[in-house]
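Dear colleague,

Please find below the structure that I am handing over to you. My findings follow directly after it.

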Amino acid sequence: MRLSDTGLALILLVPLIALVFSINIYPIAYSFWLSLNDVSLIRQTVEYVGLQQYGKALSDSLFISSLQVSARFVVESVALIMLASVGMALILNEKTAIAPALKVLVILPWALSEFAVAIAGRFFLDRNYGFLNALLVGLGIVDSPLYFLNPINAVDWLAIFYAWNIAPIGAYFILSALQTIPEDLYKQAKTDGASALQRFRIVTFPFIRYAILITAVLATILAASSIVLSFALTGGGPGFASTPATLYGFRVFFNAQDFGYGAAMSWLILVMVMVASVFYFRLLTWRR
Amino acid sequence: MRLRTILVYVAAIAIAVYSVAPIYSLVIISLMDVRDVVAGNIYPVNANINAYLRILGYDVQGPYGYLRAYGASEGLIRGLINIMIVAPIVTAITIAAAVPAGYALGRLKVKARSILILLLLASRSLPPVSVALPYFFLFTQTGLRATLLGMIIIHLTITIPIVTWVLMGFFAALPRDLERAARLDGCSRMGAFARVVLPMAGPGIAATAVIAFLFSWNDFFFSWLISQGTPAATYNAQLSGFFNFQNEPAMFAAAVTLQIILAAVVAIALQKYIVRLRIVDPGTVVIER
């Protein structure tokens, strides 16, 4: 018996579908059901409240301000990731004596867990014994240690450390795209008198456009779902200054144990990430 | 031309410093006594491995006096053993499931292909917090909470979609001539897959194996959710215990450094495969007729 391609594909896809979709469906459905209810652990009751939890979230000033923190964190970290990964890829693509060693060093931050990045950031920025302060004071740039994780800048530092963690994989994606560019194209552009900037725009960019897009997609989705970094680096503080929506929702779940409300918030976050994903998916498949 | 070379080298050195600085600061803290840490040293003073010995359960004689072992070192060591069991199993199952799926999506003519790809992308973009509580309840009810099996399953739900997605692009980009030749010579679809496509895909599979291994090894959120405070707690879940030891930066830094070392070794050993990963535009994937 000969199988059709679709038949064979279905057989090959069984492990994927069985493992991933089946185990994801129940939690997703359950959390949606929770979001329509008011669960009280103290009274041991579950009361159906419709969409009230969603209304509550949208009028909760803490949730709104956590969304603002999330938006700022995502925009800043994606911008930094794009800049750093393109810059690193361009330098790695140069034929220098140190390029092979540099390739190894650059991947290191990506191998770290989000938790390890957070703890490294904590020690790096610490007010009392942080490396950055020790360096700045030691070099005589500042007189006394600086308070980096203050209410205004804490989010920026989260974004900087997130970019430090994620940019290497983007740099690798872009580098592998750069390496597919034929050398002749550059020579030709040069003989035609194109400046360095023009050469980048006309020759380089079309080849790395897709890798850049993929990096932006991954960076956005990952940054929007990030929770461990803020949890372990700043703890969401000082006060509420660096609590993204994911961490606030988590706190409502596990600390306040307001399950229905926490589920509703996580659904609002999910919808926002989904909208961004669909937008990106269209961008990825968009043809000129 | 000379100036350009100098600028490239300056930028390269800046990138090297940027990539290593936070790791360097973590490592030097792990090598110093707390008094030398607080003094704000930018290189290790009185360097020693006392912090590593203490988290592994040994009392030590430090430069400023006797230091007791870390109280929860037993749990930490058990966590290390747990993750050493979980991560390789997760990697193996991920590859076993994602290679056929990636091949099917990247190279075969499948109806509803774009819907499957969108679902893959969507399941990857679920914020962990959205599924945290239902997972917690589901795993408690089914008895999977606090077990290594539960940990393996929850890691697979993340690693399989991402690895399938990457491999899909990789398979689609492989040259088709050899596979076609093998089929003309009488190989079945599966035979051609096993004898021709799979060997060509070796480097791509190695790279995605690194991704799967590192995800499992590095996962904090789900490990903490499913296993914190239980005998199945992985190393990362045990690390949260150090939040109660804020006055012991060296031990915390040592424990985190220990976690980083294996991840770094794996990433460095296999970086030549990671750099070869090509992500291909899913819109331009050519489907073989």
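Read along the sequence, chain A follows the pattern α-β-β-α-α-α-α-α-α-α-α-α-α-α. In total, this chain has 12 helices and 2 strands. Please keep in mind that the model is predicted.

As to its dimensions, the C-alpha trace of chain A spans about 80 × 80 × 30 Å along its principal axes. Chain A has 288 residues, and 45% of them are buried. I also examined the contacts in chain A between residues at least 6 apart in sequence: 71% of these contacts join residues at least 24 apart.

The next point concerns how the two chains meet. Here, 81 residues of chain A are in contact with 78 residues of chain B. On the side of chain B that touches chain A, the largest share comes from helix H1 of chain B (residues 2-30), which supplies 13 residues. Sorted by class, that side of chain B consists of 57 nonpolar, 14 polar and 7 charged residues.

Finally, I turn to the domains of chain B. The domain assignment divides chain B into domain 1, covering 2-67, and domain 2, covering 78-237 + 260-284. How far apart are the centres of domain 1 of chain B and domain 2 of chain B? Taken over C-alpha atoms, these centres are separated by 34 Å.

Yours sincerely,
A colleague

Conventions
Residues are numbered from 1 along each chain as its sequence is written. Chains are lettered from A and ligands numbered from 1 in the order in which they are written. This is a predicted model: local features need pLDDT of at least 70, side-chain atom pairs count only at pLDDT 80 or more; totals for chains, interfaces and linings use all residues. Helices (H or I, at least four residues) and strands (E, at least two) are DSSP runs, numbered from the N terminus. A residue is buried if 20 or more other C-beta atoms lie within 10 Å of its own, exposed if 12 or fewer, and partly exposed in between; C-beta atoms are placed from the backbone. Two residues are in contact if their C-beta atoms, placed from the backbone, lie within 7 Å. Ala, Val, Leu, Ile, Met, Phe, Trp, Tyr, Cys and Pro count as nonpolar, Asp, Glu, Lys and Arg as charged, and the others, Gly among them, as polar. Domain bounds come from an automatic or database domain assignment.
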